[in-house]
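I opened the model to look up its aromatic contacts. My entries follow.

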Amino acid sequence: MPIRDQQKIRRAAVAGRFYEGEALDLRRRMAETEAQLPPPAADARTTPVRGCILPHAGYLFSLGVAMETMREARHGSYRNVVLLGPSHYVGFHGVAGSTYTSWRTPFGDLSTALALQEKLEESGNPLFQISDAAHTQEHSLEVEFPLIQYFLGSPEILPLVVGGIAPADLEPLAKMFAAIDSPETLWIISSDFTHYGENFRYTPFGESATPEELNRLDREAAERIAARDLDEFCRFLGRTGATICGANPIALYLALLDRVDPERKISGEIVSMADSGEVTGDYSHVVDYAGILFR
């Protein structure tokens, strides 16, 4: 077990690029974005949220989707938030925690849920490792931190980067994660959806997609996720090759739900969808976003 006898801060890597680097500017953007959202669902205050799938693109493109989804959790009482995000910079097999004791944003610092991480370390699961390198530049988790602070205040967080995993890894990882799950823990799964274009090596609709084609493709994926159908989600990925960057974190969360909620009392719903082409007008290089809730 790593020794943590002093504070170690993970400083923001993409503040000023993916989102505003100054607290006042960031809060203003978030407040203005929230004010433009449609009214929340009537049951938002009465049905506890257990998990969210949120995008992790620059706020210019995906903040509306993220906030419309995440705001549903603001009425919950959470001691901890566990985040699963894909690795964009470091290749490895399994899931990586870190030795960071806090995570800095323009809004201040969030503390690591060290007790939860120690449970993962003590599990002895060889798929879990400690790797600061996996976290240092990773944006898929960082862009969710200001959302946590805006809606939930300062719960302890456990950011986990997900690398490569095989289908056989899902069950042992779900068993490991079940040990840290509770009604007081919110799970945030960070994922953008289809990345379309030559640069992404994904052009099933030709050189340029249409918004309707993209929406149809990713709604099919989102519906399988919201239905908690892990097998169908995996078959969808195999059939379409859809470039959903957080497919592994999503699959892990679905496997966890199957383990902790076999009676399927927790259900999913698609809250919001959008794409970067709505901002850029470019559908030859475009990324889709989806917000999905589990109550």
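Is Phe177 buried or exposed? I find Phe177 buried, at 1% relative accessibility; buried means under 20% relative accessible area with a 1.4 Å probe, protein chains only.

This is a predicted model: local features need pLDDT of at least 70, side-chain atom pairs need 80 or more, and totals for chains, interfaces and linings use all residues. Residues are numbered from 1 along each chain, and side-chain values use heavy atoms, without hydrogens and water.

I looked up the aromatic pairs next and found nine (Phe, Tyr or six-membered Trp rings with centres within 6.5 Å). Phe177 and Trp187 pair edge-to-face, at 5.6 Å between centres and 70 degrees between planes (edge-to-face means over 60 degrees). Phe177 sits in helix α7 and Trp187 in strand β9, 10 residues apart (DSSP runs: helices H or I of at least four residues, strands E of at least two, numbered from the N terminus). Trp187 is also buried, at 1%.

Then I checked Tyr253 and Phe294. Their ring centres are 5.3 Å apart with planes at 70 degrees, so this pair is edge-to-face too. Tyr253 lies in helix α10 and Phe294 in strand β12, so the pair ties together parts 41 residues apart in sequence. Tyr253 is buried at 2%, and Phe294 at 0%. I note that Phe177, Trp187, Tyr253 and Phe294 form one aromatic cluster.

Last, charges over rings (Lys NZ or Arg CZ within 6 Å of the ring centre and within 35 degrees of the ring normal). Lys8 lies over the face of Tyr100, 5.2 Å from the ring centre. Arg27 lies over Phe107's face, at 4.4 Å from the ring centre.

Conventions
Rings of Phe, Tyr and Trp (its six-membered ring) pair if their centres lie within 6.5 Å; planes under 30 degrees apart count as stacked, over 60 as edge-to-face and the rest as tilted. Buried means under 20% relative accessible area, exposed over 50%, partly exposed in between (1.4 Å probe, protein chains only).
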